[in-house]
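Hi there,

Here is the structure I promised to pass on to you. Have a look at it first, and then read my notes below.

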Amino acid sequence: MNELWLFFGFLGHDPYTQLIVHTILAAILAVAVAKLATRKLQLVPSGCQNVMEAVVSGILAIGKDVADEKTARKYLTLAGSLAIFIFMGNLLGIIPGFESPTGNVNLTLTLALMVFLFYHFEGIRAQGIVHYIAHFAGPVKWLAPLMFPVEILSHFSRIISLAFRLFGNIKGDDLFLAVLLMLAPWVFPLAGYALLTFSAFLQAFVFMVLTYVYLYGAISGQEETL
């Protein structure tokens, strides 16, 4: 993507510099939207407050479907923050002159590791370290030597799944947009933009759902394989 003009190109086209700048920008946008939505709270919401209430209600409803109401409410802040930040990061890459920070594996891997460590921490806190580790052995004791390494590998594979699913899809979207802009730089490819906007929403949605799934599985002992 270095051949394309970047709004922050004056800082240098080093990928790490652009990653840091666009990550900060995505975070600022997420905070700005939250501040705008809560600046003047009204009993009958309108504008940004109305949109954000719908978003939060939707995330909460999804959490209830994936887990239960208690878990959905308890981890709403984490799941919602991840969803909004990732969506903002995904959306940046659609705007010419900007890059998606989520199109860099360093960021997606960091987010995946954060979720991985947090759900294990919550699982240990909810069940106790002995009981939590014991559930990796499976329900049949004589199969424990086989099941334990399989379960360990399964959990570590979630890091790869979370990180590379998001990275791969968004990086592919960025390359797709770059091709569209090179083929038709003066004609806005509206169909492509609509498709990429939907993809930005979808990838944030998937990451948020998997966060809920892994958290619920850890605290309840009911592991799901996704």
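Let's start with L117, which is found in helix α5. Helices here are DSSP runs of H or I with at least four residues, numbered from the N terminus. L117 is exposed, with a relative accessible area of 57%; exposed means over 50%, buried means under 20%, and partly exposed is in between (1.4 Å probe, protein chains only). L117 and I159 are 42 residues apart in sequence, yet their C-alpha atoms are 9.9 Å apart in space.

Before going further, please keep in mind that this is a predicted model, so local features need pLDDT of at least 70 and side-chain atom pairs count only at pLDDT 80 or more, while totals for chains, interfaces and linings use all residues. Residues are numbered from 1 along each chain as its sequence is written, and side-chain values use heavy atoms, with hydrogens and water left out.

Helix α5 covers residues 105-127 and also holds I124 and Q127. Q127 counts as buried, at 17% relative accessibility. Its side chain is joined to that of H131 by a polar contact of 2.7 Å. A polar contact is a pair of N or O atoms within 3.5 Å; within protein, one must be able to donate a hydrogen and the other to accept it, and residues adjacent in sequence count only if both atoms are side-chain atoms.

I124 is partly exposed, at 32%, and belongs to a nonpolar surface patch of about 430 Å² together with I129, V130, I133 and F148. Patches are made of residues with over 30% relative accessible area and no salt bridge; like charges are joined within 9 Å, and nonpolar side chains (Val, Leu, Ile, Met, Phe, Trp, Tyr) within 5 Å. The areas come from the Shrake-Rupley method with a 1.4 Å probe, and for residues only the protein chains shown count as cover. Helix α6 (residues 129-134) gives the most to this patch, with three residues.

Now for the charged pairs. A salt bridge is a side-chain nitrogen of Lys or Arg within 4 Å of a carboxyl oxygen of Asp or Glu, and by this rule the count comes to four. One of them joins R125 and E122 at 3.0 Å, N to O. These two are three residues apart in helix α5, so about one helical turn separates them. Which of them is exposed? R125 is, at 53%, whereas E122 is buried, at 3%.

K64, E69 and R73 are linked in a network of salt bridges. The closest N and O atoms are 4.0 Å apart for K64 and E69, and 3.2 Å apart for E69 and R73. E69 is partly exposed, at 43%, and so is R73, at 49%.

Finally, the spaces. The largest pocket has a volume of about 370 Å³. Of its 16 lining residues, A34, T38, M52, V56 and I84 are the closest to its centre. There are also two cavities of 30 Å³ or more, and the largest cavity holds about 50 Å³ of space. On a 1 Å grid over the protein atoms alone, a cavity is a set of points where a 1.4 Å probe fits but cannot get out, and a pocket is an open set with protein on both sides within 12 Å along at least five of seven lines; lining residues have an atom within 4 Å of a point. Grid points are joined across faces, edges and corners, and a volume is the space filled by probe spheres set on the points.

Best wishes
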